[in-house]
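Here's a quick briefing to read alongside the model. Have a look at the structure first, then work through the points below.

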Amino acid sequence: MIKVEWLYWLVGLVFVVMAVQMAADRTNPKRWTSAAFWGLLGLTFPYGTGVAAVEPGTAAWRLPAEPLGVAVLALIVLAGFNFLGKGVPVTTTGEQREASAVRLGSKIFIPALTIPFVAIVCASVLDESGLFETGKATLLGLGLGCVVALVVGMLVTGEKKVSVPLHSGRSMLEAMGSALLLPQLLAVLGSIFALAGVGTQVGEIVNTLLPENSKYLAVIAYCVGMFLFTVIVGNAFAAFPVMTAAIGWPVLIEQMNGNAPAVLAIGMLAGFCGTLCTPMAANFNIVPATLLELKDQYGPIKAQIPTALALLVCCTVIMALFAF
């Protein structure tokens with residue numbers, strides 16, 4: 001059985017290897033602290049397995065969690081005080097890339113399409129085969145798809161050295177910086193808010209302000225609330241447990257008998273509208289502008305706001321008309 005922890009170990013190994021590359025890159029003025037950040041992050045993956053590991057039917061034993069907490073604090077310090085840098089990418093010339101693009105043509109899309117194809121096969125065909133850990137076929141299929149896509153990409157391009165895609169990945173890692181971790185951190189933030197009872201408090205405020213049995217106002221409050229809370233925290237997954245605990249479940253579903261899948265799915269889409277409008281979603285909006293070297297780093301947000309607002313109105317109307 002292939003376990004999901006093995007995938008996490010592989011991700012950690014990739015980070016460690018790239019950290020070694022960073023340490024050896026003399027063009028990076030912050031090579032040692034950059035290597036420390038990504039290497040430390042990579043080591044937390046296998047160590048985290050030991051922190052969470054408890055064998056069923058045996059006395060609980062696990063690695064102490066304190067070193068993992070210290071590592072997280074060290075990552076915060078390294079990122080927060082701007083100790084991450086980037087070196088000169090090891091890449092081909094513009095002329096070589098143009099020639100390669102002409103030679104490969106549409107074949108360049110084959111590796112990218114390989115990832116979802118393998119993931120779908122694993123999730124739909126191999127899920128019950130016993131090959132993957134129970135309930136983890138989709139996630140493991142995604143990881144396996146990335147590995148297969150790497151091999152396919154090297155075959156398509158004729159590249160024979162594994163170090164070349166690793167150097168390319170390291171360059172992108174350096175360009176994105178600590179923003180790469182934002183989705184995970186913000187998703188965890190939503191869980192913290194939910195455990196702290198933020199959703200309950202917001203729900204009490206909403207129930208006080210909303211007139212009784214005002215379905216349309218409740219729908220507007222839920223969709224707009226998902227939108228605004230996502231703008232604030234930068235991630236719809238962080239906003240979802242708060243707004244759903246406050247309005248979505250107790251008001252729209254339990255009190256007004258809304259269709260739960262429809263209410264929750266449309267509510268999440270309303271939250272995604274907020275993702276398009278906030279610099280807090282740096283990995284979606286700021287990092288692409290940096291990678292593309294746009295003159296206006298907020299250009300993607302400005303271009304996305306009209307679509308986001310129009311889609312928010314559509315979500316609100318669709319929920320009000322078809323979710324009850």
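**The chain at a glance**

Of the 324 residues in this chain, 35% count as buried. Keep in mind that you're looking at a predicted model. Its secondary structure comes to 14 helices and 0 strands.

**Overall layout**

- If you read along the sequence, you get the pattern α-α-α-α-α-α-α-α-α-α-α-α-α-α.
- The C-alpha trace of the chain spans about 65 × 55 × 45 Å along its principal axes.
- Take the contacts between residues at least 6 apart in sequence: 69% of them join residues at least 24 apart.

**Surface**

- The chain exposes about 18500 Å².

- To find the pair, look for helix H10 at residues 215–233 and helix H14 at residues 299–322.
- The two helices pack at an angle of about 145°, and their axes are 9 Å apart.
- H10 makes a right-handed crossing as it passes H14.
- Which residues of H10 meet H14? They are Lys215, Tyr216, Val219, Ile220, Tyr222, Cys223 and Phe227.
- On the H14 side, the residues they meet are Leu309, Leu312, Cys315, Thr316, Met319 and Ala320.
- Sorted by type, the residues of this H10–H14 contact come out as 11 nonpolar, 1 polar and 1 charged.

Note on methods: Residues are numbered from 1 along each chain as its sequence is written. This is a predicted model: local features need pLDDT of at least 70, side-chain atom pairs count only at pLDDT 80 or more; totals for chains, interfaces and linings use all residues. Side-chain values use heavy atoms; hydrogens and water are left out. Axes are lines fitted to C-alpha atoms, for helices over the stretch in contact, and angles run from 0 to 180 degrees between N-to-C directions. Helices (H or I, at least four residues) and strands (E, at least two) are DSSP runs, numbered from the N terminus. A crossing is left-handed if the near helix is turned anticlockwise from the far one by less than a right angle, and right-handed if clockwise. Contact means heavy atoms within 4.5 Å. Ala, Val, Leu, Ile, Met, Phe, Trp, Tyr, Cys and Pro count as nonpolar, Asp, Glu, Lys and Arg as charged, and the others, Gly among them, as polar. Buried means under 20% relative accessible area, exposed over 50%, partly exposed in between (1.4 Å probe, protein chains only). Accessible areas come from the Shrake-Rupley method with a 1.4 Å probe; for residues, only the protein chains shown count as cover.
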